[in-house]
Amino acid sequence: FVASEPKIATYIDARVETVIRALSVWKKSGVVTIHRDRIVVPSIDALRQSVASEAPLADANLTQIIPA
């Protein structure tokens, strides 16, 4: 789906700053690639693993945006 950081934050009931921080962490670790208008997740399993292990991101329920 297409959504901005504020829309993602609203969807998962998190702060925009948390979403931005999560995307930054995932981009630096290669979990996601961010293009101008889209976020590409090459491996959903890598994203799940990152969400499960990232303590600084624990204040957001980021698992809500990851398909089962």
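**Ground rules**

Residues are numbered from 1 along each chain as its sequence is written, and side-chain values use heavy atoms, with hydrogens and water left out. Because the model is predicted, local features need pLDDT of at least 70 and side-chain atom pairs count only at pLDDT 80 or more, while totals for chains, interfaces and linings use all residues.

**Whole chain**

Start with the cartoon. The protein has three helices and two strands. Along the sequence the pattern reads α-α-β-β-α. Helices (H or I, at least four residues) and strands (E, at least two) are DSSP runs, numbered from the N terminus.

Now colour by accessibility. Of the 68 residues of the protein, 26% count as buried. Buried means under 20% relative accessible area, exposed over 50%, and partly exposed in between (1.4 Å probe, protein chains only).

**Stop 1**

Select Ala 3. Ala 3 lies in the segment before α1. Its relative accessible area is 26%, so Ala 3 is partly exposed.

**Stop 2: helix α1**

Select residues 5–12, which form helix α1. Which residues of α1 are buried? Ile 8, Ala 9 and Ile 12 are. They sit on the same side of α1, because they cover an arc of only 100 degrees around the axis. The arc is that of the directions from the helix axis to the C-beta atoms.

Then go back and show the cover over the buried residues of α1, which includes α2 (16–29) and β2 (38–40).

Zoom in on Ala 9, in helix α1. At 2% relative accessibility, Ala 9 counts as buried. Leaving aside residues up to four places away in sequence, Ala 9 touches Ala 14, Arg 15, Val 16 and Val 19. Draw the C-alpha to C-alpha distance from Ala 9 to Val 19: 6.1 Å, for two residues 10 apart in sequence.

**Stop 3: the loop after α1**

Step on to Asp 13, which follows α1. Asp 13 is found in the loop between α1 and α2. Asp 13 is exposed, with a relative accessible area of 70%.

**Stop 4: α1 against α2**

Show both helices with their axes. Two packed helices are described by the angle between their axes and the distance between the axes. α1 and α2 pack at an angle of about 110 degrees, with their axes 8 Å apart. Axes are lines fitted to C-alpha atoms, for helices over the stretch in contact, and angles run from 0 to 180 degrees between N-to-C directions. α1 and α2 are therefore roughly perpendicular to each other (65 to 115 degrees; under 35 is roughly parallel, over 145 roughly antiparallel, the rest oblique).

Select the contact residues. From α1, pick Glu 5, Pro 6, Ile 8, Ala 9 and Ile 12. From α2, pick Val 16, Val 19, Ile 20 and Leu 23. By class, the contact has eight nonpolar, no polar and one charged residues. Ala, Val, Leu, Ile, Met, Phe, Trp, Tyr, Cys and Pro count as nonpolar, Asp, Glu, Lys and Arg as charged, and the others, Gly among them, as polar.

**Stop 5: helix α3**

Select residues 44–53, helix α3. Leu 47, Ser 50 and Val 51 are buried in α3. Their arc around the axis is only 100 degrees, which puts them on the same side of α3. On the other side of α3, Asp 45, Gln 49, Ala 52 and Ser 53 are exposed. The cover over the buried residues of α3 includes α2.

Pick Ser 50. Ser 50 is buried, with a relative accessible area of 7%. Not counting residues up to four places away in sequence, Ser 50 touches Trp 26 and Val 31.

**Last stop: the core**

Select the largest nonpolar core, which has 12 residues: Ile 8, Ala 9, Ile 12, Ala 14, Val 19, Ala 22, Leu 23, Trp 26, Val 31, Val 32, Leu 47 and Val 51. Such a core is a set of buried Ala, Val, Leu, Ile, Met, Phe, Trp, Tyr and Cys residues joined through side-chain atoms within 4.5 Å. α1, α2 and α3 each supply at least two residues of this core. The largest share, four residues, comes from α2.

How values were computed
Contact = heavy atoms within 4.5 Å.
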